[in-house]
Amino acid sequence: MWRRNSQSIKLLYLSNPSPNLQSPNSLLRSAVIFNDYGVRPGISQTQLHSSSGEFPSLNSLKSGLEKSDADRALRFSSSAAAVVGPSVASTTTIASLTKARDVAEVFRHYGRCYWELSKARLSMLVVATSGAGFVLGSGGAIDIAGLCVTCTGTMMVAASANSLNQVFEIKNDAKMNRTVRRPLPSGRISLPHAAMWATTVGVTGTALLACKANMLTAGLAASTLGLYAFVYTPLKQIHPVNTWVGAVVGAIPPLLG
Ligand SMILES: CC(C)=CCC/C(C)=C/CC/C(C)=C/COP(=O)(O)OP(=O)(O)O
C-alpha cells in the first residue's frame, strides 16, 4: 500500500508543487485519488516513513521526485526526447499526463454530484413506472424508440425535479444526518452550478418529450416537476398537507407512459 501511495504522492508533487503538499491530509487524499494510475515508483518506502513513523518531509519527497524524473522521461518520452531533448520532452509528457488525470478527476467528481443531486435511483424507479405505463398502453406492438424517448425524457425531468428539491433545501439538509452528506450541504458543488444542472436537464428533458413524444407528456412532466419542486418542497416546512401533494407527484409518472 505504501508503495502505491508513494507513486501517487510523487505525481501530485509534480502536478502541483505547492505548500499544500506538506499537509499529511492532502498527501493521504491525493494518494487515494491517484493510486490507480500505475505511475512508476520514485520515492522509496523508507523515504515515505520518517524515523518517527510520520509523513516524510518535503525535502525527502523532492529528492525522490528528482531521482525519478529522468526515469520517467526515458520510459514515457524516449522517442520525443530524441527530437526535442530529454528535459523538454519529459516536462511536456508529465504535464499532459497530469492534465488528463486532472480532467478525469473533475469528470468523476461532478458526475458523482449530478448522480446524487438527481437522486438517480429514485428517478429510475419513477422512470420504471412511466415505462410500465407506456408498455401497458401500447396494446400489441411496443414502439421501442418511443419507449426510449419517453424514459429518457422522464429521467431528465425527474432528475431536474430532485436537483431543484435539493437546491431549495440546503439548510434543512445540512441539519440531518441522513442528508448532510449531499453535494450541496457538504459543499462539493456550488449552488449556481447545481441550479444550472437542474435547469439544463429539466429544459432538455421537457423539450425532448415535447418534440419526440407529445405535448401532453411534456406538459404532465413539467407540471409534476413544478408541483414537486415549487409546491411540495416549500410546503414540507409549513403543513402536513404536503404529503397529499407528494402522493399526486408520485402518481403522475405512470401517466407519462
Ligand atoms: C417526471 C417527474 C418530474 C417526476 C418526479 C418524481 C419525483 C421527484 C418523485 C418524488 C416524490 C417525493 C414526494 C419525494 C420525497 O421528497 P423529500 O423532499 O421528502 O425527500 P428528501 O427529504 O429525501 O429530500
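So, this protein chain has 12 helices and 0 strands. Keep in mind that this is a predicted model. The chain has 257 residues, and 38% of them are buried. And if you take the contacts with a separation of 6 or more, 68% are between residues 24 or more positions apart.

Now, the annotation. The UniProt record, which is an unreviewed entry, puts "transmembrane region" on residues 122-138, 144-168, 189-210 and 216-235. I checked two of those against the model. Residues 144-168 come out as 100% helix and 0% strand, with the end C-alpha atoms 36 Å apart. Residues 216-235 are also 100% helix and 0% strand, and there the end C-alpha atoms are 26 Å apart.

Okay, on to how the helices pack. For two packed helices, you describe the pair by the angle between the axes and the distance between the axes. Let's start with α6 and α7. Their axes come within 9 Å and cross at roughly 145°, and α6 passes α7 in a right-handed crossing. On the α6 side the contact is made by Ala-120, Leu-122, Ser-123, Met-124, Val-126, Val-127, Ser-130, Gly-131, Phe-134 and Val-135, and on the α7 side by Gly-146, Leu-147, Thr-150, Cys-151, Thr-154, Met-155, Ala-158, Ala-159 and Asn-162. Sorted by class, the contact of α6 with α7 has 12 nonpolar residues, 7 polar ones and no charged ones.

Two residues from that contact are worth a look. Ser-123 sits in helix α6. Is Ser-123 buried or exposed? Its relative accessible area is 0%, so Ser-123 is buried. Leaving out residues up to four places away in sequence, Ser-123 touches Ser-118, Met-155, Ala-158, Ala-159 and Asn-162.

The other one is Thr-150, which lies in helix α7, residues 144-168. Thr-150 has a relative accessible area of 3%, so this one is buried too. What does Thr-150 touch, again not counting residues up to four places away in sequence? The answer is Phe-134, Leu-209, Ala-213, Leu-256 and Gly-257.

Next, α7 has another partner, helix α10, which runs over residues 215-235. How do α7 and α10 lie relative to each other? They pack at an angle of about 15°, with their axes 9 Å apart. They are therefore roughly parallel to each other. This is a right-handed crossing as well, with α7 passing α10. From α7 the contact uses Val-157, Ser-160, Ala-161, Asn-162, Leu-164, Asn-165 and Phe-168, and from α10 it uses Ala-221, Leu-225, Tyr-228, Ala-229, Phe-230 and Thr-233. By class, the contact of α7 with α10 has 9 nonpolar, 4 polar and no charged residues.

One last thing, and it's about the backbone. Most residues other than glycine have a negative phi. Now look at Lys-119, where phi is near 45°, a positive value in a residue that isn't glycine. Where is Lys-119 found? Lys-119 is in the loop between α5 (86-117) and α6 (120-138). And why does Lys-119 count as buried? Because its relative accessibility is 18%, and the cut-off for buried is under 20%.

That's what I have, so over to you for questions.

Key. Residues are numbered from 1 along each chain as its sequence is written. This is a predicted model: local features need pLDDT of at least 70, side-chain atom pairs count only at pLDDT 80 or more; totals for chains, interfaces and linings use all residues. Side-chain values use heavy atoms; hydrogens and water are left out. UniProt positions are given in the numbering used here, feature names are shortened, and annotations may be inferred rather than shown by experiment. Helices (H or I, at least four residues) and strands (E, at least two) are DSSP runs, numbered from the N terminus. Buried means under 20% relative accessible area, exposed over 50%, partly exposed in between (1.4 Å probe, protein chains only). Contact means heavy atoms within 4.5 Å. Axes are lines fitted to C-alpha atoms, for helices over the stretch in contact, and angles run from 0 to 180 degrees between N-to-C directions. Angles under 35 degrees count as roughly parallel, over 145 as roughly antiparallel, 65 to 115 as roughly perpendicular and the rest as oblique. A crossing is left-handed if the near helix is turned anticlockwise from the far one by less than a right angle, and right-handed if clockwise. Ala, Val, Leu, Ile, Met, Phe, Trp, Tyr, Cys and Pro count as nonpolar, Asp, Glu, Lys and Arg as charged, and the others, Gly among them, as polar.
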